[in-house]
Amino acid sequence: MTEENVVSKVAELMETLDEIKKYNVLEKYLKKFTIIVISSIAICIAVNLTISFFGLLSAFNEFERFFLNFPIVLIPSVGVLVGILFVRSKMKEVKTGEWKKELSKGFPSALKLLSELDWDNSFDVVSSGRLGYAMYSLVKGAAYGFIFFFIIGFVLNLITYLVLHRIGALGYASFHFSFLSIIVYLRYDLSKRFNEIRAIDKLQCELRRLSDELRSAEL
Amino acid sequence: MNSEALSSKPDLYVVARIIKALKKKNKVNKTALATCTELSYDKLVKYFDWMSKKGFVVVDDNGSVSLTEEGAEVYDELVQWILKHVGQLKFPRLRAST
């Protein structure tokens, strides 16, 4: 039990708080992420309708039309990718490790960091942002569902085309499969996110108690 | 921070900085102590007076300041107290996923 133990424990705490700042970024940029993803899906639908309405692929037969139409799935795929990269770039902008120089001075600096930390501010944003963190997963899940629908549809139709020389033989199977995939994905992703939020809540309670102890401490 | 406020509730980390510097330097005058603790001289004097009243530090006839046994014990207790509280914290492995 030495000063070094305190310093390393405080470093661990500060690293955790740095990570928590990134959760706030997700909440802050959720709207922009949603706009990017929904726009790409809307563009994809619009392109599909335009092709059908103007009969742009009418010169081709049913099979060729189906396979030529498939590349429009790239539009929502790029939309999701751009959205994720946008959020990641904002996360990278979060300043972390600013405390390292101060903490390198040893135990008194660890004490200073503990005394001066704005616990409530750090955690309140997370508390208000929990819905955003879950919503992010739902928006991403919906977009993945849309992309899966195209991809699974393509694969199933390719199989039926090769085996039965027909497309559309499996009816709504691609919709059901994509729906099932998204349920599985969301179950995993949402439970992971809720576990993280619960862990943050628990840490918040412990830090509030520590903060009260520090404020009331006297020599 | 005025002296009344200091006498009622000093900043623990300032006290810790002074004690740590004294542990390292053994005997030192107030000006040198202010420099190595990065405190203004006035602030150091206020803290020094408070710590002197508590019996944590003493000043000899040459004006050199040194740490008392009680001061060293208080520092160790402070380390243990902080470690006790901070040591209880369990940090979740977080990684905000996109």
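Start by selecting Val10(A): setting aside its neighbours within four places in sequence, this residue is in contact with Leu103(A), Ala110(A), Leu113(A), Leu114(A) and, from the other chain, Val86(B). Keep in mind throughout the tour that this is a predicted model.

**The core around Val10(A)**

Now widen the selection to the largest nonpolar core, which has 60 residues. Val10(A) is among those with the most contacts inside this core, together with Val6(A), Leu111(A), Val15(B), Ala16(B), Ile18(B) and Ile19(B). As a general background, nonpolar side chains tend to be buried together in soluble globular proteins.

**Where the chains touch**

Next, colour the two chains separately and look at the contact between them. Chain A brings 34 residues to this contact and chain B brings 24 residues. On the chain B side, select helix H2 (12-25) and helix H5 (69-87), each of which supplies at least two residues. H5(B) gives the most to that side, with eight residues. If you colour the touching side of chain B by residue type, you will find 14 nonpolar, four polar and six charged residues.

**Chain B as a whole**

Chain B has five helices and three strands, and from the N terminus on its elements run α-α-β-α-α-β-β-α. What radius of gyration does chain B have, beside a compact globule of 98 residues? The value for chain B is 17 Å, whereas such a globule would have one near 13 Å. Of the 98 residues in chain B, 32% count as buried. Among contacts in this chain between residues at least 6 apart in sequence, 51% join residues at least 24 apart.

**The sheet of chain B**

Select the three strands next. They form an open sheet with the order E1-E3-E2 and antiparallel pairing. Which strands of chain B are at the edges? Strand E1 (27-29) and strand E2 (57-59) are, each pairing on one side only. Neighbouring strands in this sheet are turned by 35° against each other on average, direction ignored. Bring H2(B) back into view: this helix packs on the sheet, touching E1, E2 and E3 of chain B, and its direction makes about 100° with that of E3(B).

Zoom in on E2(B) and strand E3 (residues 64-67) of chain B, which run antiparallel and are joined by three bridges. Here Val58(B) stands opposite Ser66(B) in E3(B).

**Two loop residues with positive phi**

Go to Asn26(B), in the loop between H2 and E1 of chain B. Asn26(B) is not a glycine, yet it has a positive phi of about 70°. This residue counts as exposed because it has 10 C-beta neighbours inside 10 Å.

Then show chain A again and select His165(A), which lies in the loop between H7 and helix H8 (173-216) of chain A. His165(A) also has a positive phi, of about 55°, although it is not a glycine. Is His165(A) buried or exposed? It is exposed, with 9 other C-beta atoms within 10 Å.

**Last stop: Ala142(A)**

Finally, select Ala142(A) in helix H7 (residues 119-164) of chain A. Ala142(A) has 16 C-beta neighbours inside 10 Å, so this residue counts as partly exposed.

Key. Residues are numbered from 1 along each chain as its sequence is written. Chains are lettered from A and ligands numbered from 1 in the order in which they are written. This is a predicted model: local features need pLDDT of at least 70, side-chain atom pairs count only at pLDDT 80 or more; totals for chains, interfaces and linings use all residues. Two residues are in contact if their C-beta atoms, placed from the backbone, lie within 7 Å. Helices (H or I, at least four residues) and strands (E, at least two) are DSSP runs, numbered from the N terminus. Ala, Val, Leu, Ile, Met, Phe, Trp, Tyr, Cys and Pro count as nonpolar, Asp, Glu, Lys and Arg as charged, and the others, Gly among them, as polar. A nonpolar core is a set of buried Ala, Val, Leu, Ile, Met, Phe, Trp, Tyr and Cys residues joined through C-beta atoms within 7 Å. A residue is buried if 20 or more other C-beta atoms lie within 10 Å of its own, exposed if 12 or fewer, and partly exposed in between; C-beta atoms are placed from the backbone. Two strands pair if DSSP finds at least two bridges between them. Axes are lines fitted to C-alpha atoms, for helices over the stretch in contact, and angles run from 0 to 180 degrees between N-to-C directions. The radius of gyration is taken over C-alpha atoms; the globule rule is 2.2 Å times the number of residues to the power 0.38.
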